[in-house]
Amino acid sequence: MSSDKRLPSQQLKSEIIRNIRTALLELGRATKAELSQRLQYSFPTISKFLMQMEETGEVTIIGLDESSGGRRAIRYAYNPNYRLGMAIFLEKNETNYTIYNCIGDVVKEGNLPSILEEDVSTLVSLIEGEKKANPKIKSVAIGVPGAVKHGKIFLIPGYAKYQNLDLKSYIEDQLSIPIIVENDMNAAVIGYMAQRNLKENISLMYLYLGKNGPGAGIAVNGEIVRGKTFFSGEVQYMPQYDNRNFIEALTGDQGGSSMQAEHKVDAISRLVATMTSILNPHYIIFCEDELTPAMVNQIAERTATYVPKEHLPELAVSDLKRDYLNGLQSLGLGLLVSQQID
């Protein structure tokens, strides 16, 4: 929101259009007067830019208001299909992607075998093919099972072709499209909070035991915690017993299935107790296909033997795949809305 006329002309135009775009997406529909009042731009400025956006197809006229004695006001809405986004998550066993519009409605879904062990050119070809079929795709959000810093993957065990790869810059150079690359669990946290409209003061940890080893996404006061070297959430390294860390405690036990389940519950309970002691979060989220409700109850009871019960977070389960894709879509929508004018 701004009426600052000191900004450079092109920057000011882009800012006005971004603000109108954002306001129409939030309001659903609005008149010129309503936009002028909300954004604090003059009525002629709003009229001028709405006319431009209507000519390009970015906004549409959806009707006229009832007359209150004068001219009937024109009501505008944002065209949600003016730009599309693509969200892709790369996993050990599969590659999932969605193409969605500016209000998050999915217009296409796809599922392929994993491409993580293939050259990155396979990923580029996937995006390029979808762009040709859907030229309105204007942003791509990619999730990976690894640690990411500013678009560069610096830790992704088992996938040498993606290790130390600046995936964001590589694809942007190849295809000239804005890219955002995010750690899988950070994306899941973003999607979980967005779907439930969790407020800014919420803190949580989302734990995935994983096909590639355990990892977690952490949010404090609504913000993703990345840490000094973007290593936050790599809980597999957390020491738990005399000679075992978390991943060794989950995978190293011998014995029958009941003994393994018992050790798994204790290892997760110790992790929950540690996070409760350090972070004191509102929620700890598990993947619904990894833990049964009975195991979650056992974890709650066991954790209460390590830390006072009244300080325990709410333990919940959720659909990781849905949260992950929604998180990527949320990140991609941010790119779509913030783009400069053509």
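What is the volume of the largest cavity? In this predicted model, the largest cavity has a volume of about 220 Å³, and a search of the whole structure returns 2 cavities of 30 Å³ or more. The lining of the largest cavity comprises 18 residues, of which Pro145, Gly213, Pro214, Gly215 and Glu234 are the closest to its centre. Two or more lining residues come from each of α6 (184-196) and β13 (215-220). By class, this lining consists of 7 nonpolar, 8 polar and 3 charged residues.

The lining of the second largest cavity divides into 4 nonpolar, 3 polar and 3 charged residues.

Strand β15 (residues 283-287) is mostly covered, with 5 of its 5 residues buried. In a regular strand, side chains alternate between the two faces of the sheet. In β15 both faces are covered: Tyr283, Ile285 and Cys287 are buried on one side, and Ile284 and Phe286 are buried on the other.

Strand β15 runs parallel to β12 (residues 204-208), to which it is joined by 4 bridges; Leu207 has Phe286 of β15 as its bridge partner. Pairing between β15 and β16 (residues 314-318) is also parallel and extends over 5 bridges, with Ser318 of β16 as the bridge partner of Cys287. The chain passes from β15 to β16 through helix α9 (residues 293-303), and this β-α-β crossover is right-handed.

How values were computed. Residues are numbered from 1 along each chain as its sequence is written. This is a predicted model: local features need pLDDT of at least 70, side-chain atom pairs count only at pLDDT 80 or more; totals for chains, interfaces and linings use all residues. Side-chain values use heavy atoms; hydrogens and water are left out. Buried means under 20% relative accessible area, exposed over 50%, partly exposed in between (1.4 Å probe, protein chains only). Two strands pair if DSSP finds at least two bridges between them. A crossover is right-handed if, with the strands pointing away from the viewer, the path from the first strand over the helix to the second runs clockwise. On a 1 Å grid over the protein atoms alone, a cavity is a set of points where a 1.4 Å probe fits but cannot get out, and a pocket is an open set with protein on both sides within 12 Å along at least five of seven lines; lining residues have an atom within 4 Å of a point. Grid points are joined across faces, edges and corners, and a volume is the space filled by probe spheres set on the points. Ala, Val, Leu, Ile, Met, Phe, Trp, Tyr, Cys and Pro count as nonpolar, Asp, Glu, Lys and Arg as charged, and the others, Gly among them, as polar.
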